[in-house]
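Student: I have the sequence and the 3D structure open. Please take me through some of it.

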Amino acid sequence: MTSQAEAARSAWLRPDVLSIAAGALIAAVAPLERFDYVARGLAASALADAAPSAQVLLVTASPEALRDGLCERSLPGLLERGRARGALLIPPADALCGGDAAGRGAGAAPVVRMPPGLLRLSAGEVVGFSSPGAEERAAELGALGVSAAPWVLKKAPQSVPAVSLRDLADGQVPVAALEGRVAVVAVGAGGVPPQAVATSALPPAKGVAAVLGGLLDGGRRASAPAWVPALFVLAAGGLVGLARRRHGSLVATAALFLAVFALAAGQGALAARAEASLLPLPSTLFGLAVAFAGVMILRGLAVQRSVDRAAELIQRAALFRMQGVHTLPDEEFWPRVARLAEQAHPADLVLVAELPPGSWHLKFWNDRQGGESLVAERRHDVRRPPYSSEQGVPAIRLARRFLTKQDMPAVVVPLIAFGEIEGYVFFCGPVAESTYSREPERAEHVGRELALLLRRKRLARTAIAEGGAGEGRAGHAPADDLVEGARVALDDLQLFGSMLRSAPVGLLYADAFGDVRFLAPEFARWLRARDVTVPAESASAALPPGSLTLGDVLGATSAGSAEVSLSSVMASDEGIELSVSAPEPAVISVRPLRRESDGSSWIAGYVAALIPVKQPAPVSDNVRPLAARDATDPLCAFQLADVVVDAVASAARATGRAVRLEPIRGATHALGHRGELGQALEAFLVDVASRGLPGHGPVVSVREAPQGVQLSILDVGFGLGLPESALQRVLTAPGAAPAGLEPLGRLILAVEDSHGQAELKTNDGWGITLTVTLLRAHPRVGAAVQESGKPAAQQNVIAIGRASPK
């Protein structure tokens with residue numbers, strides 16, 4: 001459960017998730033307030049209603065008509081006869097049209113001048129009205145329908161009816177056009193045709209008429225709640241992140257554009273139907289950009305860092321890669337087999353022979369020189385001697401005149417696995433002959449393991465060839481390489497799992513060919529001390545093939561004796577243990593790593609451990625070692641008075657009895673182990689005070705003496721209940737104090753560890769005094785330093801010596 005909770009927390013702390021959350025927070029806070037205001041106005045203007053307005057009538061008056069008083073004389077009567085809702089005078093028409101209600105009846109339609117601060121503008125256009133609450137004629141403005149509305153879905157300018165005041169006064173336009181409407185009176189050009197009257201009005205009359213018409217038709221709009229844009233950014237960011245993880249960057253970018261289109265379309269749909277629906281589009285887009293940047297850029301940077309790290313790890317692990325036996329080319333495989341055989345069986349020369357499938361003729365390989373040129377027998381037919389007996393049965397035998405060097409014998413070992421010949425190995429030279437005559441079973445062990453190694457290679461290559469033929473017919477799938485790589489990695493993991501389970505310590509690993517591939521620093525130092533050449537270690541302690549062999553390691557244990565050979569390791573499933581004495585006593589444990597499959601077992605590698613052996617010092621049965629002092633309590637200078645005061649206070653609290661402390665005389669700077677002294681003194685005072693008679697508690701004093709810093713504890717004898725003669729034994733052997741005197745012994749040991757001394761004195765019937773003397777410490781005093789770096793001279797300090805030349 002804990003791991004699941006930690007995984008859930010780590011999932012929420014990913015950079016892409018945090019960026020989406022940051023984008024949602026930005027959209028909710030809306031930091032781009034000015035731009036958001038303009039965007040809301042543009043959104044409201046873009047959704048202008050083109051239907052003709054039945055609430056507003058734009059009335060234009062030419063400057064000449066205003067100067068003649070036409071508006072002031074005829075407007076009230078026109079409003080009354082036309083049963084208009086009222087009139088809103090737009091500057092500068094309000095100065096010549098009048099708006100005073102004194103000359104009108106109580107039921108007359110209101111004629112109101114538009115206050116200067118009533119309009120709300122955005123990008124130079126009227127988008128709404130401010131609150132008229134502070135105006136003198138706020139009630140009349142309210143009667144005209146003017147109220148606080150930051151944004152209004154206004155009427156399109158061409159949809160607002162417009163007439164000329166002159167036409168209304170002359171009867172060319174019936175006054176019934178004013179019925180139920182608000183007349184927006186503005187200055188316009190005279191002498192224009194009726195269809196151009198609306199466009200002749202001076203700003204902002206057209207905008208006021210359009211916004212007032214939209215307001216009266218229910219076009220009031222306000223900002224959407226803060227959670228709406230935040231929720232949109234969360235959803236859009238999640239969509240982009242999901243597209244990025246599953247389909248890549250291109251699809252994620254397309255998802256971003258889809259989200260932007262959905263934002264614009266959703267704004268239009270919401271604004272057309274709901275009042276609180278205007279979104280802070282710039283802030284929302286900014287939050288969406290932050291989320292997109294986090295998903296794309298931050299995740300891309302994380303992926304790039306991961307790729308770089310993986311490339312670095314792959315580069316470092318290149319040397320350590322355990323290449324499969326079947327994947328090695330023949331030019332590398334067969335010389336490594338020869339090198340393995342040379343480690344397992346002593347010989348002057350080792351040859352290995354490959355028996356190709358469906359053939360009876362061998363192909364020879366050697367680690368150092370050409371194999372074919374060393375063989376005198378040219379037919380290489382495995383059905384004839386020396387590869388088989390006279391009866392045609394392959395068996396281990398000693399052959400002469402087999403090599404070009406006629407005097408060099410050869411031990412012929414057929415490599416047979418499950419009744420099939422996989423190849424041959426030839427151990428040549430007098431050393432091989434003597435080893436075979438002395439230990440014939442060694443060649444048999446080596447031949448069996450090499451045969452299993454060759455068989456594994458052949459079966460693996462056959463399976464790959466069959467799989468390749470099938471792929472040729474059905475087409476090569478791109479996932480095949482991934483599957484093959486995963487299978488090889490699984491083999492390596494299983495192999496190293498076996499190594500970790502089998503190795504006592506796991507300090508050395510050699511592959512199936514006996515090449516050391518992993519070497520711990522401790523093992524490398526031991527080999528160098530034994531004059532074995534060890535290559536420089538890589539960052540992962542891995543070694544390239546052929547740089548160091550397991551035979552070299554075994555040879556360093558006992559000067560190349562026959563008992564210390566790789567064949568003995570091959571023959572034992574439990575491995576072998578070798579004792580070495582130089583440079584330090586140790587035990588080397590070597591064992592093979594075996595793999596099992598289809599009823600067969602073969603060696604897949606070797607592990608070795610270097611285990612140091614510590615020789616314990618002989619200790620008599622009647623000698624008890626003393627406890628070692630804590631290494632964290634160094635020898636230092638301290639004030640003994642502070643230690644004594646703390647110990648006396650602790651003893652008094654622990655025992656509930658009086659422990660008297662005499663006035664301290666002197667600075668009492670001492671040298672010793674402060675922690676050890678304090679603990680031992682406190683334990684001793686607790687012991688003495690708890691045993692003392694009432695009114696006879698110990699008396700402690702600290703003073704400066706010519707010998708050093710002295711600590712005296714009076715009435716020790718009363719507290720311990722022992723005479724001076726019994727206490728002298730503790731001074732002689734404080735580490736073996738009698739029962740009941742252990743605290744005193746520990747205190748004396750602590751004093752002696754601090755290079756001090758302790759003594760007991762009889763006070764003529766007044767008790768026994770324990771006196772502890774410690775070395776006096778001289779604390780350093782800081783001297784003032786001049787700017788030149790030399791100590792400043794003082795009045796009571798006289799420099800002695802020759803003056804330095806100036």
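Tutor: Helices (H or I, at least four residues) and strands (E, at least two) are DSSP runs, numbered from the N terminus. This is a predicted model, in which local features need pLDDT of at least 70, side-chain atom pairs count only at pLDDT 80 or more, and totals for chains, interfaces and linings use all residues. Residues are numbered from 1 along each chain as its sequence is written, and side-chain values use heavy atoms, with hydrogens and water left out.

Student: In which strand does Lys363 lie?

Tutor: The strand in question covers residues 363-365. Lys363 therefore belongs to a DSSP run of type E, and that strand is β12.

Student: Is Lys363 buried, exposed or partly exposed?

Tutor: Buried means under 20% relative accessible area, exposed over 50%, and partly exposed in between (1.4 Å probe, protein chains only). Lys363 has 40% relative accessibility, so Lys363 counts as partly exposed.

Student: Which residues is Lys363 in contact with, leaving aside its neighbours within four places in sequence?

Tutor: Contact means heavy atoms within 4.5 Å. Ala353 is 10 residues from Lys363 in sequence, with 5.2 Å between their C-alpha atoms. With those neighbours left aside, the contacts of Lys363 are Val352, Ala353, Glu354 and Glu372.
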